[in-house]
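Take a walk through this structure.

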Amino acid sequence: MAFYQSTATIQDWTRSEKFHNSFLLPKDDVLDSVTKHSKDSGLPDIAVSEAQGKFLNLLARSIGAKRILEIGTLGGFSTIHFARAVPADGNVTTLEFDPLHAKVASENFKRAGVENKITLHVGRAADSLVTLHPEKKFDLVFIDADKSSNVTYFTEAKRLIRSGGVIIVDNAVYEGKVADPEVKDSWAIGTRDLLSFLKDDKEVEATTIGTAGVRGFDGFIYAIRK
Ligand SMILES: C[S@@+](CC[C@H](N)C(=O)[O-])C[C@H]1O[C@@H](n2cnc3c(N)ncnc32)[C@H](O)[C@@H]1O
Ligand SMILES: [Mg+2]
């Protein structure tokens, strides 16, 4: 018999994340106003959750990240978490395709007072990535854009990250649909292709961290560049 047979729903996961957040995450007026500005500007509600954002912030600080690359900015919620994590002379490079998202993100960076730490490239991420030849490699890469390009993004991330750096890929579980071969949408296929790619990749070690919360049942692929 299973230890605990879950019949949990999105409402249960949301309540659970909010319960934990109420102990661990102090009220953050800046991030609240960032989220509101994104919503009021018509951006989709698909940023990482508050708990996930804090996880990314803590992870960046845990590894002493100074240079971070993000693929998929939206309104800059995760970007701001990263910008807060890097030191004053650190930088977050973030790539966004949609001009409206980029405009709202830029406004949010100012709102959060972190605009000096962020470099935003507007255009297709695959095009922006090939132009990046940083003097010093990135310490952390966060991949959170169109999932059909996950293998391309991961390959570029390996080129751009230092040995020992961390690559995180969002939405790696997608309500279990990645593991269901019957689901053939681009999100599921893009992440499934990345898993197949990683199976034979000798340049990283990786695992998947499942998460359940405001964003439903999902997870991160967490990889270290050898
Ligand atoms: C899930 S959202 C990013 C959320 C953000 N990382 C956060 O958690 O706050 C994905 C973003 O990737 C952008 N995007 C989609 N395809 C893209 C592409 N080919 N190049 C660059 N950005 C792309 C979308 O416009 C969207 O803003
Ligand atoms: Mg995501």
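The magnesium ion (ligand 2) has three protein donors listed here: D144 (OD), D170 (OD) and N171 (OD1), lying 2.1 to 2.3 Å from the ion. Donors are N, O and S atoms within 2.8 Å of the metal (3.2 Å for Na, K and Ca); water is not among the atoms, so sites may look incomplete. Along the chain the donors follow the spacing D-x25-D-N. D144 and N171 link distant parts of the chain, 27 residues apart. D144 sits in the loop between β4 and α7 (150–160), and N171 in the loop between β5 and α8 (186–199). Both D144 and N171 are buried (under 20% relative accessible area; exposed is over 50%, partly exposed in between, with a 1.4 Å probe and protein chains only).

This is a predicted model: local features need pLDDT of at least 70, side-chain atom pairs count only at pLDDT 80 or more, and totals for chains, interfaces and linings use all residues. Residues are numbered from 1 along each chain as its sequence is written, chains are lettered from A and ligands numbered from 1 in written order, and side-chain values use heavy atoms, without hydrogens and water.

Now the sheet. Seven strands form an open sheet in the order β3-β2-β1-β4-β5-β7-β6, with mixed pairing. Strands (E, at least two residues) and helices (H or I, at least four) are DSSP runs, numbered from the N terminus; two strands pair if DSSP finds at least two bridges between them. β3 (118–122) and β6 (204–213) stand at the edges with a single partner strand each, so one side of each lacks a neighbour in the sheet. Strands β1 (residues 67–71) and β4 (residues 138–143) run parallel, joined by four bridges. I71 has I143 in β4 as its bridge partner.
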